[in-house]
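Here is a short report on how the parts of one protein model meet. Look at the structure first, then read on.

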Protein chains: 2
Amino acid sequence: MKISAFTVDDVPMIQKGDDLAKIVADRVTLENEDIVVFASTIVSKAEGRRFLLEDIEPTAEARELAVLNKEDPKFIQYVLDTSTRVLIKHPLLVQTVFGNVCINAGIDRSNTESGYILLLPLDSDRSAREIRDRLKELTGKTVAVIITDTNGRSFREGQIGVAVGCAGIAALHDRRGDVDLFGHELKITIQAITDEVAACANMIMGEADEGTPIAIIRGYKYIKDDRGIKVSYRSDDTDLVRQALAEKIEKEASKTATEKAKKIRSEG
Amino acid sequence: MKISAFTVDDVPMIQKGDDLAKIVADRVTLENEDIVVFASTIVSKAEGRRFLLEDIEPTAEARELAVLNKEDPKFIQYVLDTSTRVLIKHPLLVQTVFGNVCINAGIDRSNTESGYILLLPLDSDRSAREIRDRLKELTGKTVAVIITDTNGRSFREGQIGVAVGCAGIAALHDRRGDVDLFGHELKITIQAITDEVAACANMIMGEADEGTPIAIIRGYKYIKDDRGIKVSYRSDDTDLVRQALAEKIEKEASKTATEKAKKIRSEG
């Protein structure tokens with residue numbers, strides 16, 4: 001198998017309302033089955049997910065976490081408002097309202113003007129579907145679309161590109177039942193294809209001032225599917241790491257409560 | 001930026017003692033700065049890391065974990081023998097003697113004859129360096145080498161390719177101090193390049209009967225460095241997820257011990 005991966009050149013600074021599909025179609029001659037990968041930052045910008053840091057009032061919880069993380073309480077409040085659960089207080093690892101688990105709810109302050117923050121798209125799977133449909137309309141080509149973010153990992157330093165939304169491509173390639181070279185059934189067998197594609201795209205897109213937030217992967221045979229990335233988010237009951245983190249944070253909270261109670265008693 | 005990624009065709013079944021560098025050099029005209037990626041299974045085979053399942057005596061701990069995981073106690077014993085710590089009992093997530101954290105210590109039974117198991121290379125960074133040196137000797141080209149395994153992830157279903165060894169390429173690209181499009185300093189900025197390359201390679205190598213365990217990534221600009229992959233393994237004291245898992249497992253062990261003691265007292 002041979003694939004190529006390339007960035008789209010001369011992508012302008014994205015503003016609210018920009019037509020990302022058209023920006024691609026004007027710059028690249030797409031082929032059927034191309035995978036078009038967008039950094040979530042530009043999808044967020046096009047969708048107007050930019051907010052003024054000043055426009056929020058931090059709660060006591062946000063102030064406490066802000067001290068711990070040496071962060072602006074207003075920034076932390078945005079993180080909490082886009083999260084369903086805090087899993088680690090510092091660094092601030094949360095389960096987001098979008099379903100993915102990441103540091104600071106994926107809120108970006110780099111590549112954004114001072115004083116503003118950029119939230120992840122409300123529904124990245126939907127955003128991917130819309131861009132894909134629009135690409136079909138503009139070019140006549142049937143492609144897949146992936147929206148990426150960069151995430152840290154357990155056990156390993158550094159961040160890699162991961163998918164937060166996708167359309168027209170199966171996030172997981174379930175190979176249970178396939179056989180190996182010796183005819184034995186495979187055991188570990190669910191390949192997270194869109195995350196591998198996202199990592200590959202992130203490798204060439206860069207994070208800093210390259211300004212290359214769109215990449216095309218060409219020549220890769222993938223399974224077509226419209227269930228989006230959400231199928232690859234572990235559920236609460238099967239996620240042992242999340243359970244361990246939740247237990248740890250509960251234990252610490254009850255310890256803090258006990259200490260506070262002791263302090264009150266001793267001071268009373 | 002444009003890169004290409006392709007698998008090496010007609011790789012024979014690898015046997016102990018095979019010269020992997022020569023297998024590549026005979027099939028591909030390498031270029032300087034190519035990244036040559038090998039699935040750890042074939043490196044293990046070439047290094048004779050295949051063992052007979054029968055050749056080990058399971059301990060009580062292995063038998064207990066085997067019941068929990070519906071596994072052969074002998075297989076579990078090999079996992080324990082290549083691990084420094086159990087982090088989750090089922091699925092059996094361990095910290096390996098090699099430094100990486102993964103299910104079943106990365107021991108492979110697929111793509112191996114029945115009755116045999118395949119351990120990860122003893123020192124995958126060293127293996128990568130040796131293959132790289134040999135490629136230089138055979139072709140005159142200076143390349144990078146990455147050895148991959150496939151790993152599951154916290155919070156997300158499915159496995160992706162990760163690096164377990166590398167040579168001639170910096171595992172982590174530390175971009176702290178770089179600026180974004182608006183001239184602000186980047187915040188989250190350590191890119192795990194070799195893991196992204198590994199994911200990209202794994203995407204095209206496949207896991208089952210494709211028999212394409214070697215891939216070349218061409219055209220990618222990377223930082224040259226010889227510190228190997230080990231720099232990207234989190235240390236115990238900075239790894240909050242590992243700490244939470246270790247606490248959970250200790251808590252369960254002490255609970256079990258208490259229950260056993262109760263049972264002994266009530267039966268006594």
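## Polar links between the chains

Between chain A and chain B, 37 residue pairs are in polar contact, both residues having pLDDT 80 or more. H7(A) gives the largest share, 9 residues. By class, this side of chain A has 38 nonpolar, 21 polar and 23 charged residues.

This is a predicted model. Charged pairs also link the two chains: the count is 10 salt bridges. One of them joins B:Arg234 to A:Glu157. Their closest N and O atoms are 3.8 Å apart.

## Extent of the chain interface

How many residues of chain A are in contact with chain B? The number is 82, and they meet 83 residues of chain B. The area buried between the chains is about 7200 Å². Carbon and sulfur atoms give 57% of that area. Three residues of chain A stand out: A:Phe155, A:Arg156 and A:Met203 supply 13% of the area that chain A buries against chain B, more than any other three residues.

## Strands across the interface

S1(A) pairs with strand S1 (residues 2-7) of chain B. The pairing is antiparallel and runs over 5 bridges. Within it, A:Phe6 stands opposite B:Lys2 in S1(B).

## Two domains in chain A

Now look inside chain A. Chain A is divided into domain 1 (4-232) and domain 2 (234-268). Their centres, taken over C-alpha atoms, are 31 Å apart. Domain 1 brings 9 residues to the contact, and domain 2 brings 6.

The area buried between these two domains is about 690 Å², with 61% from carbon and sulfur atoms. On the domain 1 side, A:Arg85, A:Leu87 and A:Lys89 lose the most area to domain 2. Together they account for 52% of what that side buries.

## Links between the domains

Which residue forms a salt bridge with A:Asp236? The partner is A:Arg85, with the closest N and O atoms 3.1 Å apart.

S4 and strand S5 (93-96) of chain A each give two or more residues to the domain 1 side. S4(A) gives the most, with 4 residues. The residues of this side divide into 5 nonpolar, 2 polar and 2 charged.

Key
Residues are numbered from 1 along each chain as its sequence is written. Chains are lettered from A and ligands numbered from 1 in the order in which they are written. This is a predicted model: local features need pLDDT of at least 70, side-chain atom pairs count only at pLDDT 80 or more; totals for chains, interfaces and linings use all residues. Side-chain values use heavy atoms; hydrogens and water are left out. Contact means heavy atoms within 4.5 Å. Buried area is the accessible area (1.4 Å probe) that two parts lose on being put together, summed over both. A salt bridge is a side-chain nitrogen of Lys or Arg within 4 Å of a carboxyl oxygen of Asp or Glu. A polar contact is a pair of N or O atoms within 3.5 Å; within protein, one must be able to donate a hydrogen and the other to accept it, and residues adjacent in sequence count only if both atoms are side-chain atoms. Ala, Val, Leu, Ile, Met, Phe, Trp, Tyr, Cys and Pro count as nonpolar, Asp, Glu, Lys and Arg as charged, and the others, Gly among them, as polar. Two strands pair if DSSP finds at least two bridges between them. Domain bounds come from an automatic or database domain assignment.
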